[in-house]
Amino acid sequence: MASLMQSLKGSTPAWLTGRRLVIGLPYAWFLILALLPVLIVLKISLSEMQTTAVSGMVSWQGAWPQIKIDVSSYLFLAFDELYLLTYLSSIQYAFYTTVICLGLGYPFAYFMARAPKHWQALLLMLIMLPFWTSFLLRIYAWKTLLVNNGLINSALLALGWIDSPIEMLNTPFSLMLGMVYSYLPFMILPLYANLSKLDGRYLEAAADLGCHPFKTFWLITVPLSKAGIVAGCMLVFIPAVGEYVIPELLGGPNTLMIGRVLWDEFFSNNDWPMASAVTIVMLLLIMLPLTIYNKLQSEGRA
Amino acid sequence: MNSTALKWFGRSWMLLVYAFLFLPIFTLVAYSFNDSQLVTVWSHASLRWYKALMHDSDLIAAVMLSFKIAFLSALVSVFFGLFSAFALHRYRRFTGRGLLSSLASTPLVMPDVIVGLSLLLMLVSAQQALGYPERGLLTILLGHTLLGTAYATVVVRSRLTEMDSKLEEAAMDLGCRPWQVFTLVTLPLLMPALLSAFLLTFTLSFDDVVLSSFLSGPGYSTMPMVIFSRARLGLNPSINALATVTIVVVSVVVIASTLYSLRQERQRKRDMAYRD
(Lines give C-alpha, C1' and ligand atoms only; values in the text may rest on other atoms or scores of the structure.)
Protein backbone atom coordinates (compact mmCIF):
# COMPACT_ATOMS: atom_id res chain seq x y z
CA MET A 1 0.00 0.00 0.00
CA ALA A 2 2.74 2.47 0.97
CA SER A 3 4.63 1.96 -2.28
CA LEU A 4 1.41 2.42 -4.19
CA MET A 5 0.73 5.68 -2.43
CA GLN A 6 4.22 6.88 -3.19
CA SER A 7 4.08 6.01 -6.82
CA LEU A 8 0.71 7.69 -7.06
CA LYS A 9 2.12 10.84 -5.53
CA GLY A 10 5.23 10.75 -7.68
CA SER A 11 3.46 10.59 -11.01
CA THR A 12 2.79 13.37 -13.51
CA PRO A 13 0.59 16.44 -12.98
CA ALA A 14 -2.04 14.67 -15.05
CA TRP A 15 -2.62 12.42 -12.06
CA LEU A 16 -3.01 15.44 -9.82
CA THR A 17 -6.05 16.50 -11.78
CA GLY A 18 -7.20 12.90 -11.56
CA ARG A 19 -6.95 13.04 -7.79
CA ARG A 20 -8.80 16.33 -7.76
CA LEU A 21 -11.53 14.87 -9.93
CA VAL A 22 -11.91 11.75 -7.80
CA ILE A 23 -12.27 13.80 -4.63
CA GLY A 24 -14.02 16.84 -6.09
CA LEU A 25 -16.84 15.08 -7.91
CA PRO A 26 -18.42 13.24 -4.96
CA TYR A 27 -17.63 16.22 -2.74
CA ALA A 28 -19.57 18.65 -4.91
CA TRP A 29 -22.38 16.11 -5.21
CA PHE A 30 -22.84 15.71 -1.46
CA LEU A 31 -22.30 19.41 -0.71
CA ILE A 32 -25.05 20.40 -3.11
CA LEU A 33 -27.52 17.63 -2.29
CA ALA A 34 -26.90 17.02 1.41
CA LEU A 35 -25.44 20.13 3.03
CA LEU A 36 -26.89 23.02 1.01
CA PRO A 37 -30.52 21.89 1.50
CA VAL A 38 -30.11 21.92 5.29
CA LEU A 39 -28.75 25.47 5.16
CA ILE A 40 -31.72 26.51 3.03
CA VAL A 41 -34.11 24.91 5.52
CA LEU A 42 -32.40 26.85 8.29
CA LYS A 43 -32.82 30.07 6.31
CA ILE A 44 -36.50 29.42 5.59
CA SER A 45 -37.21 28.52 9.21
CA LEU A 46 -36.06 32.03 10.09
CA SER A 47 -38.22 33.73 7.49
CA GLU A 48 -41.87 34.63 7.72
CA MET A 49 -44.58 33.20 5.53
CA GLN A 50 -46.02 35.63 3.04
CA THR A 51 -49.12 35.09 0.98
CA THR A 52 -47.37 33.67 -2.05
CA ALA A 53 -43.79 32.99 -1.06
CA VAL A 54 -41.37 32.97 1.78
CA SER A 55 -39.92 36.39 2.54
CA GLY A 56 -36.33 37.12 1.65
CA MET A 57 -33.94 37.43 4.53
CA VAL A 58 -31.73 40.14 3.12
CA SER A 59 -33.16 43.33 1.72
CA TRP A 60 -31.23 46.37 0.54
CA GLN A 61 -31.83 49.84 1.88
CA GLY A 62 -29.52 52.06 -0.08
CA ALA A 63 -26.09 50.61 0.34
CA TRP A 64 -26.85 48.76 3.55
CA PRO A 65 -28.11 45.20 3.62
CA GLN A 66 -30.86 44.64 6.14
CA ILE A 67 -30.92 41.19 7.57
CA LYS A 68 -34.30 40.23 8.85
CA ILE A 69 -34.61 37.24 11.11
CA ASP A 70 -38.00 36.05 12.11
CA VAL A 71 -38.05 33.64 15.02
CA SER A 72 -41.83 33.45 15.29
CA SER A 73 -41.89 29.81 14.10
CA TYR A 74 -39.50 28.79 16.85
CA LEU A 75 -41.41 30.79 19.46
CA PHE A 76 -44.59 29.07 18.37
CA LEU A 77 -42.85 25.69 18.64
CA ALA A 78 -41.55 26.48 22.09
CA PHE A 79 -44.84 27.64 23.57
CA ASP A 80 -47.25 25.24 21.96
CA GLU A 81 -47.74 22.23 24.15
CA LEU A 82 -48.74 19.94 21.29
CA TYR A 83 -45.35 20.23 19.59
CA LEU A 84 -43.53 19.51 22.82
CA LEU A 85 -45.71 16.46 23.47
CA THR A 86 -45.17 15.25 19.91
CA TYR A 87 -41.40 15.54 20.15
CA LEU A 88 -41.44 13.71 23.48
CA SER A 89 -43.68 10.94 22.22
CA SER A 90 -41.57 10.48 19.04
CA ILE A 91 -38.48 10.06 21.18
CA GLN A 92 -40.37 7.67 23.43
CA TYR A 93 -41.57 5.50 20.54
CA ALA A 94 -38.11 5.51 18.98
CA PHE A 95 -36.55 4.58 22.32
CA TYR A 96 -38.93 1.67 22.94
CA THR A 97 -38.43 0.47 19.36
CA THR A 98 -34.67 0.49 19.89
CA VAL A 99 -34.87 -1.39 23.20
CA ILE A 100 -37.23 -4.06 21.86
CA CYS A 101 -35.17 -4.49 18.68
CA LEU A 102 -32.05 -4.92 20.79
CA GLY A 103 -33.80 -7.43 23.06
CA LEU A 104 -35.02 -9.49 20.11
CA GLY A 105 -32.02 -8.95 17.87
CA TYR A 106 -29.11 -9.54 20.24
CA PRO A 107 -29.88 -13.19 21.05
CA PHE A 108 -30.73 -13.71 17.40
CA ALA A 109 -27.44 -12.30 16.15
CA TYR A 110 -25.59 -14.20 18.88
CA PHE A 111 -27.03 -17.59 17.93
CA MET A 112 -26.67 -16.80 14.25
CA ALA A 113 -22.97 -16.03 14.70
CA ARG A 114 -22.56 -19.35 16.55
CA ALA A 115 -24.44 -21.41 13.97
CA PRO A 116 -22.40 -23.74 11.75
CA LYS A 117 -20.42 -21.72 9.18
CA HIS A 118 -22.10 -23.24 6.12
CA TRP A 119 -25.52 -22.29 7.49
CA GLN A 120 -24.67 -18.66 8.10
CA ALA A 121 -24.90 -17.50 4.47
CA LEU A 122 -28.41 -18.94 4.24
CA LEU A 123 -29.48 -17.47 7.59
CA LEU A 124 -28.15 -14.09 6.51
CA MET A 125 -29.98 -14.27 3.21
CA LEU A 126 -33.23 -15.04 5.05
CA ILE A 127 -32.77 -11.87 7.13
CA MET A 128 -32.06 -9.84 4.01
CA LEU A 129 -34.96 -11.23 2.00
CA PRO A 130 -37.81 -9.37 3.75
CA PHE A 131 -35.50 -6.38 3.85
CA TRP A 132 -35.36 -6.39 0.03
CA THR A 133 -39.11 -6.81 -0.30
CA SER A 134 -40.99 -3.53 -0.38
CA PHE A 135 -41.20 -2.02 3.08
CA LEU A 136 -44.50 -0.35 2.22
CA LEU A 137 -46.08 -3.65 1.18
CA ARG A 138 -44.99 -5.35 4.39
CA ILE A 139 -46.50 -2.57 6.50
CA TYR A 140 -49.65 -2.85 4.44
CA ALA A 141 -49.68 -6.60 5.15
CA TRP A 142 -49.67 -5.92 8.90
CA LYS A 143 -52.76 -3.84 8.35
CA THR A 144 -54.57 -6.87 6.91
CA LEU A 145 -53.30 -9.01 9.78
CA LEU A 146 -54.31 -6.66 12.58
CA VAL A 147 -57.80 -5.47 11.61
CA ASN A 148 -60.73 -6.65 13.72
CA ASN A 149 -61.73 -9.39 11.28
CA GLY A 150 -58.13 -10.06 10.30
CA LEU A 151 -56.10 -13.23 10.57
CA ILE A 152 -54.77 -12.71 14.10
CA ASN A 153 -58.14 -11.93 15.67
CA SER A 154 -59.80 -14.78 13.74
CA ALA A 155 -57.15 -17.20 14.95
CA LEU A 156 -57.49 -16.09 18.56
CA LEU A 157 -61.29 -16.33 18.34
CA ALA A 158 -61.11 -19.78 16.79
CA LEU A 159 -58.79 -20.94 19.55
CA GLY A 160 -61.29 -19.63 22.08
CA TRP A 161 -58.68 -17.45 23.78
CA ILE A 162 -60.77 -14.33 23.34
CA ASP A 163 -64.54 -13.78 23.07
CA SER A 164 -64.57 -10.65 20.95
CA PRO A 165 -61.94 -9.21 18.61
CA ILE A 166 -59.23 -7.12 20.25
CA GLU A 167 -58.86 -3.63 18.84
CA MET A 168 -55.28 -3.83 17.59
CA LEU A 169 -55.02 -1.67 14.49
CA ASN A 170 -54.56 2.09 14.93
CA THR A 171 -53.29 1.79 18.49
CA PRO A 172 -49.86 2.39 20.01
CA PHE A 173 -49.49 -1.41 19.95
CA SER A 174 -49.80 -1.69 16.17
CA LEU A 175 -47.48 1.29 15.76
CA MET A 176 -44.80 -0.32 17.93
CA LEU A 177 -45.24 -3.65 16.18
CA GLY A 178 -44.74 -2.05 12.77
CA MET A 179 -41.70 -0.10 13.95
CA VAL A 180 -40.01 -3.11 15.56
CA TYR A 181 -40.82 -5.21 12.52
CA SER A 182 -39.33 -2.71 10.05
CA TYR A 183 -36.21 -1.83 12.01
CA LEU A 184 -35.26 -5.27 13.37
CA PRO A 185 -32.96 -6.18 10.43
CA PHE A 186 -31.09 -2.87 10.91
CA MET A 187 -30.33 -4.01 14.47
CA ILE A 188 -29.47 -7.61 13.60
CA LEU A 189 -27.05 -6.92 10.72
CA PRO A 190 -24.45 -4.77 12.57
CA LEU A 191 -24.73 -7.03 15.65
CA TYR A 192 -24.13 -10.12 13.56
CA ALA A 193 -21.22 -8.46 11.71
CA ASN A 194 -19.67 -7.71 15.09
CA LEU A 195 -20.41 -10.99 16.89
CA SER A 196 -19.25 -13.18 14.02
CA LYS A 197 -15.80 -11.65 14.37
CA LEU A 198 -15.63 -12.36 18.10
CA ASP A 199 -12.49 -14.27 18.96
CA GLY A 200 -13.55 -17.64 20.40
CA ARG A 201 -10.31 -17.94 22.36
CA TYR A 202 -11.48 -15.36 24.91
CA LEU A 203 -14.51 -17.50 25.64
CA GLU A 204 -12.40 -20.66 25.89
CA ALA A 205 -9.98 -18.93 28.25
CA ALA A 206 -12.87 -17.83 30.47
CA ALA A 207 -14.31 -21.36 30.47
CA ASP A 208 -10.88 -22.86 31.26
CA LEU A 209 -10.58 -20.51 34.19
CA GLY A 210 -13.88 -21.82 35.50
CA CYS A 211 -16.13 -18.94 34.54
CA HIS A 212 -19.82 -19.79 34.34
CA PRO A 213 -21.17 -19.42 30.75
CA PHE A 214 -23.62 -16.69 31.82
CA LYS A 215 -20.89 -14.76 33.54
CA THR A 216 -18.67 -15.17 30.46
CA PHE A 217 -21.46 -13.78 28.36
CA TRP A 218 -21.87 -10.68 30.53
CA LEU A 219 -18.19 -10.09 31.19
CA ILE A 220 -16.74 -10.90 27.77
CA THR A 221 -19.20 -11.22 24.91
CA VAL A 222 -21.34 -8.18 25.69
CA PRO A 223 -18.46 -5.73 26.32
CA LEU A 224 -16.65 -6.93 23.18
CA SER A 225 -19.74 -6.37 21.06
CA LYS A 226 -20.28 -2.82 22.33
CA ALA A 227 -19.49 -1.27 18.94
CA GLY A 228 -22.12 -3.46 17.26
CA ILE A 229 -24.70 -2.60 19.92
CA VAL A 230 -24.11 1.13 19.55
CA ALA A 231 -24.17 0.96 15.73
CA GLY A 232 -27.40 -1.06 15.71
CA CYS A 233 -29.09 1.28 18.21
CA MET A 234 -28.17 4.34 16.16
CA LEU A 235 -29.36 2.73 12.92
CA VAL A 236 -32.73 2.09 14.57
CA PHE A 237 -33.18 5.12 16.81
CA ILE A 238 -32.29 7.97 14.44
CA PRO A 239 -34.62 7.10 11.55
CA ALA A 240 -37.33 5.92 13.97
CA VAL A 241 -37.61 9.41 15.52
CA GLY A 242 -38.69 10.87 12.19
CA GLU A 243 -40.71 7.92 10.91
CA TYR A 244 -43.71 8.93 8.84
CA VAL A 245 -45.09 5.96 6.88
CA ILE A 246 -45.57 3.50 9.77
CA PRO A 247 -47.54 5.85 12.06
CA GLU A 248 -49.58 6.98 9.08
CA LEU A 249 -50.59 3.45 8.11
CA LEU A 250 -50.64 1.65 11.46
CA GLY A 251 -50.80 4.33 14.13
CA GLY A 252 -54.30 5.71 13.64
CA PRO A 253 -55.08 9.39 14.03
CA ASN A 254 -54.13 9.67 17.70
CA THR A 255 -50.49 8.62 17.82
CA LEU A 256 -48.23 11.64 17.93
CA MET A 257 -45.13 11.44 15.77
CA ILE A 258 -43.10 14.42 14.66
CA GLY A 259 -42.68 13.15 11.09
CA ARG A 260 -46.43 13.37 10.62
CA VAL A 261 -46.56 16.90 12.05
CA LEU A 262 -43.87 17.97 9.61
CA TRP A 263 -45.74 16.37 6.72
CA ASP A 264 -49.01 18.07 7.70
CA GLU A 265 -47.42 21.49 8.22
CA PHE A 266 -45.97 21.21 4.76
CA PHE A 267 -48.66 19.50 2.72
CA SER A 268 -51.88 20.50 4.50
CA ASN A 269 -51.06 23.87 6.07
CA ASN A 270 -48.51 24.92 3.43
CA ASP A 271 -46.58 26.61 6.22
CA TRP A 272 -43.00 26.31 5.03
CA PRO A 273 -41.27 28.28 7.80
CA MET A 274 -43.08 26.19 10.42
CA ALA A 275 -42.23 22.90 8.65
CA SER A 276 -38.62 24.08 8.42
CA ALA A 277 -38.49 25.00 12.11
CA VAL A 278 -39.92 21.57 13.01
CA THR A 279 -37.18 20.02 10.83
CA ILE A 280 -34.38 22.06 12.41
CA VAL A 281 -35.48 21.13 15.94
CA MET A 282 -35.71 17.47 14.91
CA LEU A 283 -32.20 17.72 13.47
CA LEU A 284 -30.93 19.16 16.75
CA LEU A 285 -32.57 16.29 18.64
CA ILE A 286 -30.82 13.65 16.56
CA MET A 287 -27.55 15.57 16.39
CA LEU A 288 -25.99 13.77 19.35
CA PRO A 289 -26.79 10.20 18.22
CA LEU A 290 -25.86 11.24 14.67
CA THR A 291 -22.44 12.45 15.77
CA ILE A 292 -21.84 9.18 17.61
CA TYR A 293 -22.91 7.26 14.52
CA ASN A 294 -20.66 9.26 12.17
CA LYS A 295 -17.73 8.82 14.55
CA LEU A 296 -18.28 5.05 14.61
CA GLN A 297 -18.45 5.02 10.81
CA SER A 298 -15.13 6.79 10.38
CA GLU A 299 -13.44 4.79 13.16
CA GLY A 300 -14.64 1.49 11.75
CA ARG A 301 -12.89 2.19 8.46
CA ALA A 302 -9.89 4.23 9.47
CA MET B 1 -29.18 -24.36 31.56
CA ASN B 2 -26.91 -26.92 29.92
CA SER B 3 -25.55 -26.61 26.41
CA THR B 4 -28.22 -28.73 24.69
CA ALA B 5 -30.97 -26.66 26.25
CA LEU B 6 -29.16 -23.50 25.18
CA LYS B 7 -28.89 -24.83 21.64
CA TRP B 8 -32.62 -25.51 21.51
CA PHE B 9 -33.40 -22.16 23.05
CA GLY B 10 -31.29 -20.54 20.33
CA ARG B 11 -32.98 -22.46 17.57
CA SER B 12 -36.48 -21.67 18.72
CA TRP B 13 -35.59 -17.99 19.24
CA MET B 14 -34.33 -17.77 15.67
CA LEU B 15 -37.34 -19.62 14.34
CA LEU B 16 -39.72 -17.23 16.11
CA VAL B 17 -37.93 -14.17 14.76
CA TYR B 18 -37.99 -15.60 11.24
CA ALA B 19 -41.69 -16.37 11.63
CA PHE B 20 -42.28 -12.78 12.72
CA LEU B 21 -40.34 -11.45 9.73
CA PHE B 22 -42.03 -13.69 7.17
CA LEU B 23 -45.61 -13.79 8.49
CA PRO B 24 -46.75 -10.62 6.66
CA ILE B 25 -45.09 -11.74 3.44
CA PHE B 26 -46.90 -15.08 3.46
CA THR B 27 -50.21 -13.37 4.23
CA LEU B 28 -49.79 -11.04 1.28
CA VAL B 29 -49.19 -13.97 -1.03
CA ALA B 30 -51.99 -16.12 0.38
CA TYR B 31 -54.63 -13.40 0.24
CA SER B 32 -53.70 -12.42 -3.31
CA PHE B 33 -55.39 -15.67 -4.42
CA ASN B 34 -58.51 -14.91 -2.42
CA ASP B 35 -61.65 -14.32 -4.47
CA SER B 36 -63.46 -12.20 -1.89
CA GLN B 37 -63.82 -8.46 -2.31
CA LEU B 38 -62.97 -8.11 1.37
CA VAL B 39 -59.26 -8.60 1.84
CA THR B 40 -59.62 -10.27 5.21
CA VAL B 41 -62.39 -12.77 4.52
CA TRP B 42 -61.38 -15.95 2.73
CA SER B 43 -63.88 -17.21 0.15
CA HIS B 44 -62.11 -19.40 -2.43
CA ALA B 45 -58.98 -19.39 -4.53
CA SER B 46 -58.96 -17.44 -7.76
CA LEU B 47 -56.82 -15.29 -9.98
CA ARG B 48 -59.38 -12.51 -9.94
CA TRP B 49 -57.03 -9.86 -8.51
CA TYR B 50 -54.29 -10.68 -10.97
CA LYS B 51 -56.75 -9.99 -13.77
CA ALA B 52 -57.79 -6.77 -12.05
CA LEU B 53 -54.13 -5.84 -11.77
CA MET B 54 -53.60 -6.31 -15.50
CA HIS B 55 -56.35 -3.81 -16.26
CA ASP B 56 -55.28 -1.32 -13.61
CA SER B 57 -53.70 1.22 -15.96
CA ASP B 58 -52.87 3.74 -13.20
CA LEU B 59 -50.89 1.18 -11.29
CA ILE B 60 -49.14 -0.15 -14.40
CA ALA B 61 -48.11 3.36 -15.44
CA ALA B 62 -46.78 3.92 -11.91
CA VAL B 63 -44.81 0.65 -12.02
CA MET B 64 -43.26 1.71 -15.34
CA LEU B 65 -42.29 5.11 -13.96
CA SER B 66 -40.79 3.46 -10.87
CA PHE B 67 -38.74 1.10 -13.03
CA LYS B 68 -37.40 3.98 -15.08
CA ILE B 69 -36.50 6.06 -12.03
CA ALA B 70 -34.99 3.10 -10.16
CA PHE B 71 -32.84 2.09 -13.12
CA LEU B 72 -31.50 5.59 -13.76
CA SER B 73 -31.01 6.32 -10.08
CA ALA B 74 -29.13 3.04 -9.54
CA LEU B 75 -26.81 3.83 -12.47
CA VAL B 76 -26.02 7.34 -11.27
CA SER B 77 -25.73 6.23 -7.62
CA VAL B 78 -23.21 3.53 -8.44
CA PHE B 79 -21.21 6.01 -10.53
CA PHE B 80 -20.98 8.63 -7.76
CA GLY B 81 -20.70 5.97 -5.06
CA LEU B 82 -17.68 4.51 -6.83
CA PHE B 83 -16.04 7.95 -6.89
CA SER B 84 -16.75 8.79 -3.25
CA ALA B 85 -15.74 5.32 -1.99
CA PHE B 86 -12.55 5.53 -4.01
CA ALA B 87 -11.78 9.04 -2.74
CA LEU B 88 -12.35 8.02 0.89
CA HIS B 89 -10.43 4.78 0.57
CA ARG B 90 -7.44 5.90 -1.48
CA TYR B 91 -6.75 9.37 -0.10
CA ARG B 92 -6.19 9.33 3.63
CA ARG B 93 -5.48 13.01 3.95
CA PHE B 94 -7.20 15.84 2.19
CA THR B 95 -8.94 18.96 3.38
CA GLY B 96 -12.45 18.18 4.55
CA ARG B 97 -12.12 14.39 4.38
CA GLY B 98 -14.06 14.10 7.63
CA LEU B 99 -16.84 16.26 6.24
CA LEU B 100 -17.11 14.16 3.09
CA SER B 101 -17.19 10.99 5.18
CA SER B 102 -19.99 12.35 7.37
CA LEU B 103 -21.96 13.74 4.44
CA ALA B 104 -21.72 10.37 2.70
CA SER B 105 -22.97 8.38 5.71
CA THR B 106 -25.59 10.78 7.08
CA PRO B 107 -28.29 10.07 4.47
CA LEU B 108 -28.20 6.40 5.58
CA VAL B 109 -29.82 7.20 8.91
CA MET B 110 -31.44 10.59 8.35
CA PRO B 111 -35.25 10.37 8.59
CA ASP B 112 -36.75 10.48 5.08
CA VAL B 113 -39.00 13.41 5.88
CA ILE B 114 -35.98 15.60 6.65
CA VAL B 115 -34.15 14.63 3.47
CA GLY B 116 -37.30 15.07 1.39
CA LEU B 117 -38.29 18.44 2.81
CA SER B 118 -34.82 19.95 2.67
CA LEU B 119 -34.15 18.77 -0.88
CA LEU B 120 -37.50 20.09 -2.02
CA LEU B 121 -36.95 23.50 -0.45
CA MET B 122 -33.55 23.69 -2.12
CA LEU B 123 -34.97 22.73 -5.52
CA VAL B 124 -37.76 25.28 -5.12
CA SER B 125 -35.20 27.97 -4.30
CA ALA B 126 -33.18 26.92 -7.32
CA GLN B 127 -36.25 27.13 -9.46
CA GLN B 128 -37.10 30.60 -8.18
CA ALA B 129 -33.58 31.79 -8.92
CA LEU B 130 -32.82 29.93 -12.15
CA GLY B 131 -36.20 28.84 -13.47
CA TYR B 132 -35.00 25.23 -13.30
CA PRO B 133 -35.63 22.35 -12.50
CA GLU B 134 -39.33 21.66 -12.89
CA ARG B 135 -40.72 19.24 -10.28
CA GLY B 136 -41.09 15.80 -11.81
CA LEU B 137 -38.92 12.91 -12.88
CA LEU B 138 -35.62 14.77 -12.54
CA THR B 139 -36.29 15.98 -9.00
CA ILE B 140 -37.40 12.52 -7.81
CA LEU B 141 -34.28 11.13 -9.44
CA LEU B 142 -32.05 13.60 -7.57
CA GLY B 143 -33.55 12.57 -4.22
CA HIS B 144 -33.19 8.85 -4.88
CA THR B 145 -29.68 9.31 -6.17
CA LEU B 146 -28.60 11.17 -3.04
CA LEU B 147 -29.78 8.25 -0.90
CA GLY B 148 -28.43 5.70 -3.37
CA THR B 149 -24.97 7.29 -3.52
CA ALA B 150 -24.69 7.01 0.25
CA TYR B 151 -25.54 3.29 0.18
CA ALA B 152 -23.35 2.60 -2.87
CA THR B 153 -20.44 4.29 -1.09
CA VAL B 154 -20.75 1.90 1.86
CA VAL B 155 -20.93 -1.20 -0.34
CA VAL B 156 -18.02 -0.24 -2.63
CA ARG B 157 -15.91 1.02 0.25
CA SER B 158 -16.18 -2.19 2.24
CA ARG B 159 -15.12 -4.15 -0.86
CA LEU B 160 -12.16 -1.82 -1.37
CA THR B 161 -11.03 -2.41 2.22
CA GLU B 162 -11.16 -6.18 1.79
CA MET B 163 -9.41 -6.07 -1.56
CA ASP B 164 -5.84 -7.18 -1.97
CA SER B 165 -3.84 -4.05 -2.82
CA LYS B 166 -0.93 -6.22 -4.00
CA LEU B 167 -2.60 -6.72 -7.38
CA GLU B 168 -2.77 -2.98 -7.94
CA GLU B 169 0.81 -2.58 -6.80
CA ALA B 170 1.94 -5.30 -9.18
CA ALA B 171 0.21 -3.52 -12.07
CA MET B 172 1.94 -0.28 -11.08
CA ASP B 173 5.30 -2.03 -10.92
CA LEU B 174 4.71 -3.46 -14.37
CA GLY B 175 4.32 0.04 -15.68
CA CYS B 176 0.60 0.62 -15.81
CA ARG B 177 -0.59 4.21 -15.74
CA PRO B 178 -2.90 4.98 -12.80
CA TRP B 179 -6.01 5.04 -14.98
CA GLN B 180 -4.94 1.72 -16.53
CA VAL B 181 -4.57 0.23 -13.06
CA PHE B 182 -8.04 1.47 -12.31
CA THR B 183 -9.74 0.22 -15.46
CA LEU B 184 -7.79 -3.03 -15.89
CA VAL B 185 -7.34 -4.17 -12.28
CA THR B 186 -9.44 -2.27 -9.75
CA LEU B 187 -12.66 -2.04 -11.70
CA PRO B 188 -12.91 -5.75 -12.62
CA LEU B 189 -12.17 -6.67 -9.00
CA LEU B 190 -14.92 -4.32 -7.88
CA MET B 191 -17.50 -5.72 -10.30
CA PRO B 192 -19.39 -7.91 -7.76
CA ALA B 193 -19.60 -4.98 -5.33
CA LEU B 194 -20.82 -2.66 -8.09
CA LEU B 195 -23.46 -5.20 -9.03
CA SER B 196 -24.74 -5.55 -5.48
CA ALA B 197 -24.65 -1.77 -5.05
CA PHE B 198 -26.73 -1.50 -8.21
CA LEU B 199 -29.31 -4.00 -6.91
CA LEU B 200 -29.46 -2.31 -3.51
CA THR B 201 -29.87 1.22 -4.86
CA PHE B 202 -32.40 0.01 -7.42
CA THR B 203 -34.47 -1.55 -4.62
CA LEU B 204 -34.19 1.53 -2.43
CA SER B 205 -35.46 3.75 -5.20
CA PHE B 206 -38.19 1.30 -6.20
CA ASP B 207 -39.36 1.22 -2.58
CA ASP B 208 -39.24 4.88 -1.65
CA VAL B 209 -42.46 6.72 -0.90
CA VAL B 210 -41.50 9.69 1.26
CA LEU B 211 -38.83 11.31 -0.92
CA SER B 212 -40.95 10.79 -4.04
CA SER B 213 -44.00 12.38 -2.41
CA PHE B 214 -42.02 15.49 -1.55
CA LEU B 215 -40.17 15.78 -4.83
CA SER B 216 -42.68 14.69 -7.45
CA GLY B 217 -44.78 17.07 -9.50
CA PRO B 218 -48.22 16.67 -11.03
CA GLY B 219 -48.47 13.62 -13.28
CA TYR B 220 -45.54 11.80 -11.73
CA SER B 221 -46.81 9.14 -9.33
CA THR B 222 -44.43 6.29 -8.59
CA MET B 223 -45.64 2.82 -7.66
CA PRO B 224 -45.11 3.26 -3.89
CA MET B 225 -46.98 6.58 -4.03
CA VAL B 226 -50.00 4.88 -5.61
CA ILE B 227 -49.85 1.97 -3.14
CA PHE B 228 -49.50 4.38 -0.24
CA SER B 229 -52.48 6.48 -1.23
CA ARG B 230 -54.63 3.35 -1.64
CA ALA B 231 -53.41 1.80 1.61
CA ARG B 232 -54.27 5.00 3.46
CA LEU B 233 -57.86 4.75 2.26
CA GLY B 234 -58.21 1.12 3.25
CA LEU B 235 -57.38 -2.36 2.06
CA ASN B 236 -57.23 -3.13 -1.63
CA PRO B 237 -56.89 -6.72 -2.92
CA SER B 238 -55.11 -5.85 -6.18
CA ILE B 239 -52.24 -4.53 -4.05
CA ASN B 240 -51.86 -8.10 -2.74
CA ALA B 241 -51.53 -9.37 -6.30
CA LEU B 242 -48.96 -6.71 -7.11
CA ALA B 243 -47.11 -7.53 -3.88
CA THR B 244 -46.95 -11.21 -4.80
CA VAL B 245 -45.49 -10.41 -8.20
CA THR B 246 -42.81 -8.17 -6.64
CA ILE B 247 -42.01 -10.74 -3.95
CA VAL B 248 -41.48 -13.47 -6.53
CA VAL B 249 -39.25 -11.27 -8.69
CA VAL B 250 -37.23 -10.02 -5.72
CA SER B 251 -36.77 -13.51 -4.25
CA VAL B 252 -35.51 -14.88 -7.55
CA VAL B 253 -33.03 -12.01 -7.94
CA VAL B 254 -31.82 -12.17 -4.32
CA ILE B 255 -31.42 -15.95 -4.31
CA ALA B 256 -29.67 -15.90 -7.68
CA SER B 257 -27.27 -13.17 -6.62
CA THR B 258 -26.53 -14.91 -3.32
CA LEU B 259 -25.73 -18.14 -5.15
CA TYR B 260 -23.63 -16.20 -7.66
CA SER B 261 -21.59 -14.48 -4.98
CA LEU B 262 -21.14 -17.74 -3.06
CA ARG B 263 -19.80 -19.35 -6.22
CA GLN B 264 -17.51 -16.40 -6.85
CA GLU B 265 -16.22 -16.71 -3.29
CA ARG B 266 -15.54 -20.42 -3.71
CA GLN B 267 -13.85 -19.81 -7.05
CA ARG B 268 -11.62 -17.18 -5.48
CA LYS B 269 -10.66 -19.54 -2.66
CA ARG B 270 -9.83 -22.27 -5.18
CA ASP B 271 -7.69 -19.85 -7.20
CA MET B 272 -5.87 -18.80 -4.07
CA ALA B 273 -5.23 -22.41 -3.10
CA TYR B 274 -3.96 -23.13 -6.60
CA ARG B 275 -1.61 -20.14 -6.52
CA ASP B 276 -0.11 -21.18 -3.20
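In chain B of this predicted model, the axes of helix 3 (residues 57–90) and helix 8 (residues 178–207) come within 8 Å and cross at roughly 135°. Axes are lines fitted to C-alpha atoms, for helices over the stretch in contact, and angles run from 0 to 180 degrees between N-to-C directions. Helix 3 of chain B and helix 8 of chain B are therefore oblique to each other; angles under 35 degrees count as roughly parallel, over 145 as roughly antiparallel, 65 to 115 as roughly perpendicular and the rest as oblique. Their crossing is right-handed, a term used if the near helix is turned clockwise from the far one by less than a right angle, with left-handed for anticlockwise. Residues of helix 3 of chain B that take part include B:Ser66, B:Ile69, B:Ala70 and B:Phe71, and among those they meet in helix 8 of chain B are B:Leu194, B:Ala197 and B:Phe198. This contact has eleven nonpolar, six polar and no charged residues. Ala, Val, Leu, Ile, Met, Phe, Trp, Tyr, Cys and Pro count as nonpolar, Asp, Glu, Lys and Arg as charged, and the others, Gly among them, as polar.

Chain B as a whole has eleven helices and zero strands, where helices (H or I, at least four residues) and strands (E, at least two) are DSSP runs numbered from the N terminus. The C-alpha atoms of chain B fill a box of roughly 70 × 70 × 40 Å along the principal axes.

Residues are numbered from 1 along each chain as its sequence is written, and chains are lettered from A and ligands numbered from 1 in the order in which they are written. Local features need pLDDT of at least 70 and side-chain atom pairs count only at pLDDT 80 or more, while totals for chains, interfaces and linings use all residues.

Within chain A, helix 8 (residues 172–195) and helix 11 (residues 226–241) have axes that come within 8 Å and cross at roughly 155°. These two helices of chain A are therefore roughly antiparallel to each other, and their crossing is right-handed. Helix 8 of chain A contributes residues including A:Met179, A:Tyr183 and A:Phe186, and helix 11 of chain A contributes, among others, A:Ala227, A:Gly228 and A:Ile229. The contact divides into 14 nonpolar, three polar and no charged residues.

Between the chains, 81 residues of chain A are in contact with 73 residues of chain B, contact being defined by C-beta atoms, placed from the backbone, that lie within 7 Å. Helix 2 (residues 13–45) of chain A gives the most to the side of chain A that touches chain B, with 19 residues. That side of chain A comprises 59 nonpolar, 16 polar and six charged residues.

Helix 4 (residues 81–114) of chain A packs on helix 1 (residues 3–32) of chain B at an angle of about 120°, with their axes 9 Å apart. That makes helix 4 of chain A oblique to helix 1 of chain B, and the crossing is left-handed. A:Leu104, A:Pro107, A:Phe108, A:Phe111 and A:Met112 make this contact with B:Gly10, B:Trp13, B:Met14 and B:Val17. Helix 4 of chain A bends by about 30° at A:Gly105, with A:Pro107 following within four residues; the bend at a residue is the angle between axes fitted to the seven residues ending there and the seven starting there.

Note on methods: Contact = placed C-beta atoms within 7 Å.
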